[in-house]
Amino acid sequence: MCWNIAARYSGCGGALWASENNDPVNIHSIYPQINYYTFKNIKMKKINFLKHTLVIALILTLGSCKKNDDKTLLQANQPPLLTEEMMSEKGANPDEASIAENIGMTGNVVSRSEEDKGNEHYLYTESNSSGKNSILVYEVKGNGSLKLNGSATSGGAGTGKPLGSQGALVLDKNHKWLFAVNAGSNTVSSFKVGNDGSLTLAHTAASMGTKPVSVTVDGNILYVLNNGSDNIHGFKIGSTGTLSHIDGSTKSLSGTAVDAPQISFTPDGDWLVVTEKSTNIVSTFKVKNDGSVSSGTFTPSVGNTPFGFDFARGRFMIVSNAVGGGAGAGSATSYITGFNGIPKDVNGAIPNFQSAPCWVATSKHGRFAYITNTATNNVSSYYVAPWGGLYLIKSEAAKTDMSPLDIVVAANNYFVYELNSKSNTIGGYRRTFFGGLEYINKVSSLPTATTGLATY
């Protein structure tokens, strides 16, 4: 218990303990006209009163303990400095274990040959071309290299320049369907994913706004973020990939020209989260049983220019803070979203000393977060502690080509890929112990407006 309530009654002698000084008072000496039955009634009422008092106290105590538990979570005894021992989690860090699984006994990387066709993992990006948007399909080889495996028209048009958003295309949980925005024609498209990674266009629907830049999916519900009209809109996904509009799902963001870059469901699917760069706001929307959402709750961000985000350990939202692109001013913040949907930062905005950190990807088990720094052409790595505390591991975990944008961690939790807008390349890396990244190779000659990454 967090606090105690003392209440005593003498059931044998008929003495009530006075609340001021605990001195016994004989009730018959005060009220001699009270008979036995009257006294018994008074006695029972007093007992019932005390019972109710204790019940109320218990409820208040549990509520107080819950608040203290949350406080303890957010204000845990967080070590001031990050150590390898801390990251190893006493040898039980599953994200570190997945690295070990990919390394041989001699320390050399174990990889399948280029010709090995047993590898069934793919990576997708979209051209965002202004005339005809298309989705590019890459096969992820056993050694982490990428091989172009065709493309599919998207049923819409792009804008002809990078969107400056995270989540322009997304796979469902079972990687049976892929969804993508067509920012130049204000539509969203669905694609059936074949066993060989190929895509078949299933349906294209109006985004119910202008300049859709980001999509997110949970079960059979899809939501799109319309950057140009500052709103969100939802769809029900049919068994054949059809996108049906959800009544009551179109909701406005906190204002106009908020420049929102990403929308995403929380891991439990109960909330939608949108970051707003111009207003320094994190918006949340409660998802109802019918797929519609309530009006937004708008919370000031901890760190300026909140941009991309991903979830770690199933509950913590890791958000990059671009800080207006200020030189060396970048940071990232870990948030926890409670039952009211209001994000609460765990340990503030943690600097990475880089410029324009924008896109975020977390490892499979959520122990590590990787953030691309668009203005300094590199990737930073962070460790996410069990209580959600965020710790910078390496300010520069890897160098990249020019202007890195989107970043993803592959399905094997070992390879990492990032998209470079000015170099028109995708760089590939392998994760190393304690948040490191080791360069593999890259693919070149992407369309100049290429946007978004999704992989399985």
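The dialogue below takes up the labels in turn and sets values against cut-offs.

Student: What kind of model is this, and how many helices and strands are in the chain?

Tutor: This is a predicted model, and its chain holds four helices and 31 strands. Of the 456 residues, 51% count as buried, while the accessible surface comes to about 20,300 Å², with 53% of that area belonging to carbon and sulfur atoms. Among contacts between residues at least 6 apart in sequence, 51% join residues at least 24 apart.

Student: Why is Met208 called partly exposed rather than buried or exposed?

Tutor: The relative accessibility of Met208 is 43%. Buried would require a value under 20% and exposed a value over 50%, so Met208, at 43%, falls in between and counts as partly exposed. Met208 sits in the loop between strand 9 (199-206) and strand 10 (212-218).

Student: What makes the backbone of Met208 worth a remark?

Tutor: Met208 has a positive phi of about 60° although it is not a glycine. Most residues other than glycine have a negative phi.

Student: Where does Phe434 lie, and why does Phe434 count as partly exposed?

Tutor: Phe434 lies in the loop between strand 29 and strand 30, and it too is a non-glycine residue with a positive phi of about 60°. Its relative accessibility is 22%; since buried means under 20% and exposed over 50%, the value of 22% places Phe434 in the partly exposed class.

Student: How do you know that strand 29 and strand 30 are paired, and in which sense do they run?

Tutor: Pairing requires at least two bridges between the strands, and seven bridges join strand 29 (residues 425-432) to strand 30 (residues 436-443), so the two count as paired, and they run antiparallel.

Student: What makes strand 23 and strand 26 edge strands?

Tutor: Four strands form an open sheet in the order 23-24-25-26, with antiparallel pairing. Strand 23 (357-362) and strand 26 each pair on one side only, and they are the edge strands. The twist averages 25° from one strand to the next.

Student: Which residues have the most contacts inside the largest nonpolar core, and what makes a set of residues a core?

Tutor: The members of a nonpolar core must be buried residues of the nonpolar kinds, joined through side-chain atoms within 4.5 Å. The largest such core has 37 residues, and those with the most contacts inside it are Ile318, Tyr370, Tyr382, Tyr383, Leu390, Ile407 and Leu437. Strand 26 (residues 390-399) gives the most to this core, with five residues. Apart from it lies another core, of 32 residues, among them Trp177, Ala183, Val217 and Leu225.

Student: Which residues does Leu437 contact once its neighbours within four places in sequence are left aside?

Tutor: The contacts of Leu437 include Tyr370, Val379, Ala397, Ala398, Val416 and Tyr429.

Student: Why is strand 31 described as mostly covered?

Tutor: Five of the five residues of strand 31 (residues 451-455) are buried. Strand 31 is also joined to strand 3 (residues 121-126) by three bridges, and the two run antiparallel; Glu126 has Thr451 as its bridge partner in strand 31.

Notes. Residues are numbered from 1 along each chain as its sequence is written. This is a predicted model: local features need pLDDT of at least 70, side-chain atom pairs count only at pLDDT 80 or more; totals for chains, interfaces and linings use all residues. Side-chain values use heavy atoms; hydrogens and water are left out. Buried means under 20% relative accessible area, exposed over 50%, partly exposed in between (1.4 Å probe, protein chains only). Contact means heavy atoms within 4.5 Å. Accessible areas come from the Shrake-Rupley method with a 1.4 Å probe; for residues, only the protein chains shown count as cover. Axes are lines fitted to C-alpha atoms, for helices over the stretch in contact, and angles run from 0 to 180 degrees between N-to-C directions.
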